[in-house]
Every structure is written in structure tokens, then in C-alpha cells.
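Here is a short report on one protein model. Please keep the sequence and the structure in view while reading.

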Amino acid sequence: MEPKRSNHFLAHLPTILLLVLFAMSPWLGILFFILRAIDRDAEKKEQTNADPARDSHAEDARTAQSAASGQRSEMVSDQDVPTAEQKSAKQWHKTLTTLCTIFGAIFLLVGIGDLADVMEELCWDHEIDWGELLTALAQTIGGGAALFTGLRMDRARKLERKLDKIVGDRDNIALGELFAAVGIDAVRGRAAVEHAIDHGYFGADAYIDYRTDTLVVRGAAPQPPKAPQPEPEAEDLYASLQQQLRRANDAIPDPVMTAKISRLEELSARIFALAKKDPDKKAQLQKFMDYYLPTALKLLNTYAQLSAQDVQGENITDARQSIERSMDLLITAFENQLDKLFQSDALDVSADVAALEGMLNLDGLTGPDFH
């Protein structure tokens, strides 16, 4: 993939060029030194935002250290107050924006005026003072760059204030939601949020949690959503239910109950076999799978636990007898469920037989005169 071209051309200006500008115009050289420092800081911010994994690890370490030391005991109102460094950075950003805009406009106008004088001198005297021309060009280009930088910084300040208003009193907000509300792309948005954090717009403890792509103003970052667990395959589910019936049967020593459970195993195996053979029948088993079979397994497991008790008191005996009586109902329910699975087949058979009889009668193949 082709690397992204940097927009911070001033950050890459060689020092020797700045010294030449300083020799031509000291004030212009100083201004360019300041502009290069600003652009280098902005470029460093964007490079940091381009590596969210690294920032995420750093943020994890900072969060872990804070939790281990038992800090973050300040009140919410205190957390929303920016630190002295943030206040200073915010004020310096504002001052620098004003200086760049004003001095950039002045240098631009002066440079344009000097260029006009040089051109006028060339027209009248047909001679040109190369020193004055280079100085005028440097002032014009430098003033234009400074004015452009000041206007860009002013737009950045307005964007930071807008981001702060959108966040409001929320403890955290998804970056995607924040960028959509402002109407900017993710690359520009992340850089703006980072600068706003440095300038204390969201409070002293604000940071970006890259695991969830969230701006956290206060409190803990939201937990990333867990991936949904895949549902078990139908055949695996059928096999699991059969195994649970077998284990319950093995845990119950009563021969009468064992015979009834074996009958349930047989019926459920036939029901599952039909469902595997014809997936369309699976929809008819919804209630059977969600309620009747789980309830039967629960009763059988409870019966096994009651039978294993050393003391067989009145409550245990009554509970066991209730489960024993319910077994006949469960067997009847399993048999009826199996019979219902053949309902559509029975209808198809009836329709086929009726059609066959109709065709035979129509062709006179069933009457008494047939020879």
C-alpha cells in the first residue's frame, strides 16, 4: 500500500534553509522556526494515532497501574477540571493561533507590497535588486504559510470546542458516534480528539480506549462485546440429550423406573432419528426440545439424588412418588410426539390413496363388470 503523504511540509524544512531565511529576515526566520515546531508536534500526534495497538497497550498499563495503586478517588467534578499543564497548553495554543494569524497577515501584505515595488522598479528602471526581490518573496511565502497555519489552528480550536459540546456530561462515547456527529473522518477525528485531550477539554483523566474505540471521559472503559457462542449442531444436541437420559437411567437403581426411562430413551431416539432424516420436522419439536425433554431430565436427575440419600423421610418419599407417577404421563407425551411427526406423512398417504381410488374408478378398473 502506498504510504500516505504528509500534510505537514513545514515539519521537514531543513535547518539550513531556516537559517538562510533568518539571515534575510530575522523576524521571518523566527516565525518559521515556531511554525516548524508546531508542525512537528502535529505530525507526531498523527503518527501516534496511526498505531492504536501501541496506544492500547500503553493505556492498559496505565489503567492497571492506576487500579493497583488504588488511585482515582477524586470526585467527578475534580476529574472534569483540566490540569495546570493542560490549561497552559490550551492557552499557548490560543496565543500561537493569534500570533500566526496576525503576523502571517502582516508579513504577507508587506511581502506583496515589496514585490510590487520591485516590479515597479523593474518596469521603470529596467533593473532589479535581487536582494530586495528575494526578501520580498521570502516575506510573501513565509507570511502566507504563517497565515495558513494560523487559520488551520483556529479551525482546529473550533473543532475541539465542538467535540467538547457534543460529549457534554457523558462518561464515555464511541468515537464513531462522535465523528459522525461532527461530520469528519476517523483519521482527522482521532487527531482532533487527541489534541482536545491535551488541551483539557474533556477533563484531566480523559483518554481513548482503542480496544472499544471509545473516548473515556471518566470512570472505567466499557467492556468490549463478547462474541456470540455458536449454537450446537442438531446432531450434537440430540446425542447430548441421549447421553443425559442414559446417565440418569444408570444412576437410578429402581427396576420399574429403569424400564420407564428405557422407554423414554427408545422414543426419544426414534424422534431424533426422524428429525435427522427430515429437517422439516425439526420445527414441530420446538416445545418438545425446549420444555418437555429438559423437564423430564430435571425430574430424573432429582429422582436420582433423592434415591441416593441415606435417610428416606416423608418429604423425600412424597417427591419420589410424584416423579414416579409423572413417568407414565411423560411416556404418553413422548409417544404422542412421535405420532404427531407422522401427521404430515399420514395426510400425504390419505391424499395419494384418494387420488389412486379416483383414477381406478375413472378408468373402470374397480367395478364388478371388469374382466
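A259 counts as partly exposed, at 48% relative accessibility. The model is a predicted one. A259 belongs to helix α10, which covers residues 255–277. N249 stands ten residues from A259 in sequence. The C-alpha atoms of A259 and N249 are 8.9 Å apart in space.

## Links from helix α10 to helix α12

The side chains of K260 and D328 form a salt bridge, 3.2 Å from N to O. K260 sits in helix α10 and D328 in helix α12 (residues 314–341). This pair links distant parts of the chain, 68 residues apart. K260 counts as buried because its relative accessibility is 19%, and the cut-off for buried is under 20%. D328 is partly exposed, with a relative accessible area of 42%.

Which side chain meets that of E335 in a salt bridge? The partner is R263, at 3.0 Å from N to O.

How many salt bridges does the model hold? The count comes to eleven. One of them joins the side chains of R246 and D250, at 3.7 Å from N to O. The cut-off is an N-to-O distance within 4 Å, so this pair qualifies.

Both residues are in helix α9, which covers residues 234–251. R246 and D250 are four residues apart, so about one helical turn separates them. R246 is partly exposed, with a relative accessible area of 39%. D250 is exposed, with a relative accessible area of 57%. The exposed label follows because the cut-off is over 50%.

In general, side chains of opposite charge can pair when their charged atoms come close.

## The three-stranded sheet

Three strands make an open sheet, with antiparallel pairing. Their order is β1-β3-β2. The edge strands are β1 (172–174) and β2 (207–209), each pairing on one side only. From one strand to the next, the twist averages 25°.

β1 pairs with β3 (residues 214–216) over three bridges, in the antiparallel sense. Which residue of β3 is the bridge partner of N172? The partner is V216. Helix α7, residues 175–182, packs on the sheet. Helix α7 touches β1, β2 and β3. The direction of helix α7 makes about 75° with that of β1.

As a general point, strands of a sheet pair through backbone hydrogen bonds, either parallel or antiparallel.

## A nonpolar surface patch

Which residues make the nonpolar surface patch? They are L99, I102, F103, I106 and V110. The patch has an area of about 400 Å².

F103 lies in helix α5, which covers residues 84–125. F103 is partly exposed, with a relative accessible area of 37%. Patch residues need over 30% relative accessible area, so F103 clears that cut-off.

Conventions. Residues are numbered from 1 along each chain as its sequence is written. This is a predicted model: local features need pLDDT of at least 70, side-chain atom pairs count only at pLDDT 80 or more; totals for chains, interfaces and linings use all residues. Side-chain values use heavy atoms; hydrogens and water are left out. Patches are made of residues with over 30% relative accessible area and no salt bridge: like charges are joined within 9 Å, nonpolar side chains (Val, Leu, Ile, Met, Phe, Trp, Tyr) within 5 Å. Accessible areas come from the Shrake-Rupley method with a 1.4 Å probe; for residues, only the protein chains shown count as cover. Helices (H or I, at least four residues) and strands (E, at least two) are DSSP runs, numbered from the N terminus. Buried means under 20% relative accessible area, exposed over 50%, partly exposed in between (1.4 Å probe, protein chains only). Two strands pair if DSSP finds at least two bridges between them. Axes are lines fitted to C-alpha atoms, for helices over the stretch in contact, and angles run from 0 to 180 degrees between N-to-C directions. Contact means heavy atoms within 4.5 Å.
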